Each structure stands twice: as C-alpha cells, then as structure tokens.
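Here is a short report on a protein model and its ligand site. Please read it with the structure open.

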Amino acid sequence: MTRTAYAEINLHALRHNYALAKRQLPHTHVWAVVKSNGYGHGLLRVAQALPEADGFALINLEDALALRHAGIQSRILLLEGAIEARELEEAAAWQLDVVLRSEHQLQWLRACGQRLRVWVKVNTGMNRFGFVPERAIEVVNEVRALGCEVAGLMTHFACADDLAIKLDAPWQRFMQAVDATGLPFTAANSAATLRAGFTHGAAVRLGGLLYNNNPFYPDTSLWLQGLRPVMRFAARIVHTSELQAGESIGYGAAYTAERPMRIGIVGAGYGDGYPRAAPSGTPVLVNGCRVPLLGRVAMNVLAIDLSQHPQVDIGDEVTLWGDPALPCDEIAWRCGTISEELQCALTSRLPIRQIVADKTLSPLPDEQTPPVECAAYL
Ligand SMILES: *Cc1c(COP(=O)(O)O)cnc(C)c1O
C-alpha cells in the first residue's frame, strides 16, 4: 500500500538550531540531548547531523554504543549513569562520561576499578536521583580517591519550565555543593538555559530547544527567535465529501455540521502517531492556511474542514505539524501534552524522509516567508 503520511526530518534546520544556540552561548559547551531516539527524530540521524556538537547526552548505554560504532568520537554523557554494574566497564572502554547519582552506583564504581570520568549528581528537588549536597561533597572526594576524574557536578531542575516557580531554592542547594568543591557544573536543560543565564555553567544540555520545542509554550516571551521546526508531519488527502447541516462525521458522531460543509479525509491517524486526543478544532495546514480538524481521529484517517478551500483535492498534501505557521507545540498544547510526547510517539510504520543539509554548513538565511492570506480561522 502506498503510504499517505510521512514525517520529514530537516537536518539543515537541526544544524541551524544548534548553531543558533551555540551563538547565544559562546562560553559554555552545548550538549545535544538525543535520548529516546533523538526525541523521535532518529538517534543516529540527529547525532550524525551534528558533528560539531560539543557532546551528546542520552540515557541508554546501547544508544551510546550505537554512536561509538557509527564512528562518533564526541563526548557522550550517560545522563543516569550505569543501570547495572557491568555497564561501568563498557562506559570506561568506550570513553563515556557517566553520571553518578546513587549509593548503588557508587558501590559499583568502588568494585569496578575503572578510571571513569564522572559527573556527581546533586538532588535539588526532583527527588528521583542524586545526592543531597552534603553527601555529594563526600562522594566527590571518594570518587577521586578511587582514581576517577570528577568532571563536575550535575543537577536537573524539577520545575524549570514553570515560570511561576523560582529556581532560587534548588539553585541554593546546588551551589552548596558547587561552592564547597569548586567544581565545574552542568545544570541547565532547555528551559533553564532560556530563563536563567546563571545556570549555564560548563555545559548546558539541550534537548527540546534543538528540536524547536518551546518549554514555556504558549508563552513565547523567552523563546529564541529564529529556531526552525525539525520534524514536519504531513499527509495526503485521500477523499473529499460533503456534509449537510445536521449530519455528523466519524466515530461517535463526535462532530455535527451546522451548515453544509466540504470535508477532506486525510490519510493519517493515530496508527501513524497523530494523537487521538486532538480535539475538533485542532488546526491543520492546507496550502499554508489553517483549517480545523473535525470529529475523532481514527487509526488511519482524520477529517478536516475544506469548506473554504474548494480547489483543494484528493492527493493534495496537508501539514499536521512542524511548519513555522503550525508548530508541534501548538498541537501538543491543544492535546494537553508537550511536543516531546508527540514526537516520540510517531509509529514505526510512518516513513521518514530526510532533508539533508546543504553542502555548505552555512547557517540558513533568516528570511521570513511572507504570510499566506487565509480565510479567518483561529
Ligand atoms: C532530557 C534531559 C535534558 C534535556 O531536557 P530538555 O528540556 O529537552 O532540554 C537535560 N538533562 C537531563 C538530565 C535530561 O534527562
């Protein structure tokens, strides 16, 4: 069967976003976070598109080894360190940086006898992993005594993406350990990087931002202007039909027409990764114009309103997210979630197309495509 939906991964945009972040952050290393299959964009695809990255950060040892096997020699940080003792041997053999975030892991480190490069994690309120500051200071000394290099201290904020919650309290806890040890540190994810320069330290760990996901959406006041969508989710119209006033469409008859309407049936559904939670009214882009989704998203199709677009026909393409005029953040927000969840949830049946970089690594021009004139909607 011919696939009617696909995701397009724009590696040029990814590189542009990395370069933009780098330009904003000349004094700190910028690690690209590529956990969870590069936030759904493809682990190797993303990493190989960023050969200039200061480092990569991820969770699974297997992913780190995949990068090493692909010849990537950059610094790689295991964000949660070893999941079992034997992983420390591998980490040493493949020159991975490891986070040390529990007494368990410290026990394994004592036993393994490898000279690893370690980031000691301080718990500043997330309360999942990490040492309290007082213990972190002791751990630093012990790790050194074991012959390992302590590259620095690390923390991860619980509430960086909530601008109503100050970073003061976690920051003071972290600084207790930083001041006592004088070590370099890495603390910031995308949200902290954008909101608080004092968190930048030796390295920031950027995930969402590189993929154009604004952690504060719909607040755009701190957003870095000029970032580009990396993933575009697109599908073709496979059918058109008419609804009379009073007729409804799709499962559960969840949407009923109040007037005669022209309907487009788009060949994408939750079987591809478009969220079933998207309510009627969620925008879809047709010829650069936003039109609303109607009724329930099915496994293979969804319905849109083409009443204002009589010229749009079967075979025409619509963008479901990932255009400057329709960011993934907006779709996620309307579904009560975040872009990362949608991007990670693309299904394996969805074909991926790549927009490969220009031969030159020059940054993308900052030209603004002129807005398209649309029938009033949203
Ligand atoms: C995922 C992750 C990040 C990146 O977070 P973003 O908000 O996507 O930038 C940074 N640090 C740790 C420890 C993470 O797990």
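## The second largest pocket

What volume does the second largest pocket have? Its volume is about 820 Å³. Of the 36 residues that line this pocket, Lys35, Tyr39, Asn189, Ile338 and Glu340 are the closest to its centre. On a 1 Å grid over the protein atoms alone, a pocket is an open set of points with protein on both sides within 12 Å along at least five of seven lines, and lining residues have an atom within 4 Å of a point. Grid points are joined across faces, edges and corners, and a volume is the space filled by probe spheres set on the points.

This is a predicted model: local features need pLDDT of at least 70, side-chain atom pairs count only at pLDDT 80 or more, and totals for chains, interfaces and linings use all residues. Residues are numbered from 1 along each chain as its sequence is written, and side-chain values use heavy atoms, with hydrogens and water left out.

Helix 2, helix 9 (190-195), helix 10 (328-334) and helix 11 (339-344) each give the pocket lining at least two residues. Helices (H or I, at least four residues) and strands (E, at least two) are DSSP runs, numbered from the N terminus. The lining has 18 nonpolar, 10 polar and 8 charged residues. Ala, Val, Leu, Ile, Met, Phe, Trp, Tyr, Cys and Pro count as nonpolar, Asp, Glu, Lys and Arg as charged, and the others, Gly among them, as polar.

## The ligand

The ligand sits in the second largest pocket. That means more than half of its atoms lie within 2 Å of the pocket's grid points. Helix 2 (35-39) and strand 9 (203-206) are the elements that give two or more residues to the shell around the ligand. The shell includes Lys35, Met154, His156 and Arg205; a shell residue has a heavy atom within 4 Å of the ligand. By class, the shell holds 5 nonpolar, 5 polar and 2 charged residues.

Which residues put an N or O atom close to a ligand oxygen? In the side chain of Tyr39, such an atom is 2.5 Å from an oxygen of the ligand. Gly207 places a backbone N or O atom 2.9 Å from a ligand oxygen. For a backbone N or O atom of Gly208, the distance is 2.8 Å. The ligand alone exposes 380 Å², and the protein buries 88% of that; areas come from the Shrake-Rupley method with a 1.4 Å probe.

## Backbone details

Most residues other than glycine have a negative phi, and most peptide bonds are trans. Ser36 is not a glycine, yet has a positive phi of about 50°. Ser36 lies in helix 2. The peptide bond from Tyr217 to Pro218 is cis, with omega near 10°. Pro218 belongs to the loop between strand 9 and strand 10 (231-243).

Key:
A polar contact is a pair of N or O atoms within 3.5 Å; within protein, one must be able to donate a hydrogen and the other to accept it, and residues adjacent in sequence count only if both atoms are side-chain atoms. On a 1 Å grid over the protein atoms alone, a cavity is a set of points where a 1.4 Å probe fits but cannot get out, and a pocket is an open set with protein on both sides within 12 Å along at least five of seven lines; lining residues have an atom within 4 Å of a point.
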